[in-house]
Amino acid sequence: MKKIEAVIKPFKLDEVREALSDVGITGLTVSEVKGFGRQKGHTELYRGAEYVVDFLPKIKIEIVVGEAVVEQAIEAIVKAARTGKIGDGKIFVTPVEQVVRIRTGELNEDAI
């Protein structure tokens with residue numbers, strides 16, 4: 001099993017959710033986060049005063065999938081989230097040792 005974490009632009013969330021649904025992924029966790037990479041933030045003007053916004057709003061999606069679905073999930077996220085501009089985001093894939101469904105006690109692949 002693998003955990004896929006994707007940090008994307010907020011307006012791409014619905015497209016990514018639909019793309020993941022199309023490849024059979026039914027559950028995901030979504031968090032509103034802030035961060036920056038090469039995009040480095042930007043300068044804004046508020047009531048005549050200029051200030052720097054270092055951290056930009058992003059969405060972090062977390063899913064746990066079986067080994068057989070990892071590549072399909074990554075491709076779906078990349079295709080749906082890509083705008084071709086700086087700040088499109090990143091995908092991180094890490095191994096998951098164990099999953100337990102709290103309600104039923106199911107383990108690992110059965111609990112996904």
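This is a predicted model: local features need pLDDT of at least 70, side-chain atom pairs count only at pLDDT 80 or more; totals for chains, interfaces and linings use all residues.
1. Basis. Local features need pLDDT of at least 70, side-chain atom pairs count only at pLDDT 80 or more, and totals for chains, interfaces and linings use all residues. Residues are numbered from 1 along each chain as its sequence is written, and side-chain values use heavy atoms, without hydrogens and water.

2. Largest pocket. Its volume is about 370 Å³. A pocket here is an open set of points on a 1 Å grid over the protein atoms alone, where a 1.4 Å probe fits, with protein on both sides within 12 Å along at least five of seven lines. Lining residues have an atom within 4 Å of a point. There are 18 of them, and Ile 25, Gly 27, Leu 28, Val 64 and Ile 112 are the closest to the pocket centre.

3. Its lining. Strand β5 (residues 56-65) gives the largest share, 4 residues. Strands are DSSP runs (E, at least two residues), as are helices (H or I, at least four). By class, the lining has 9 nonpolar, 5 polar and 4 charged residues. Gly counts as polar in this scheme.

4. Second largest pocket. About 310 Å³ of space lies here. It is lined by 15 residues, of which Gly 37, Arg 38, Gly 87, Gly 89 and Lys 90 are the closest to its centre. β2 (29-35) and β6 (89-95) each supply at least two lining residues. The largest share, 3 residues, is from β2. The classes are 4 nonpolar, 5 polar and 6 charged.

5. Helix pair. The axes of α1 (residues 13-22) and α2 (residues 70-81) come within 8 Å and cross at roughly 150°. The two helices are therefore roughly antiparallel (angles over 145 degrees). The crossing of α1 past α2 is right-handed.

6. Helix contact. Glu 15, Val 16, Ala 19 and Leu 20 of α1 meet Ala 73, Ala 76, Ile 77, Ala 80 and Ala 81 of α2. Contact means heavy atoms within 4.5 Å. By class, it has 8 nonpolar, no polar and 1 charged residues.

Notes
Grid points are joined across faces, edges and corners, and a volume is the space filled by probe spheres set on the points. Axes are lines fitted to C-alpha atoms, for helices over the stretch in contact, and angles run from 0 to 180 degrees between N-to-C directions. Angles under 35 degrees count as roughly parallel, over 145 as roughly antiparallel, 65 to 115 as roughly perpendicular and the rest as oblique. A crossing is left-handed if the near helix is turned anticlockwise from the far one by less than a right angle, and right-handed if clockwise.
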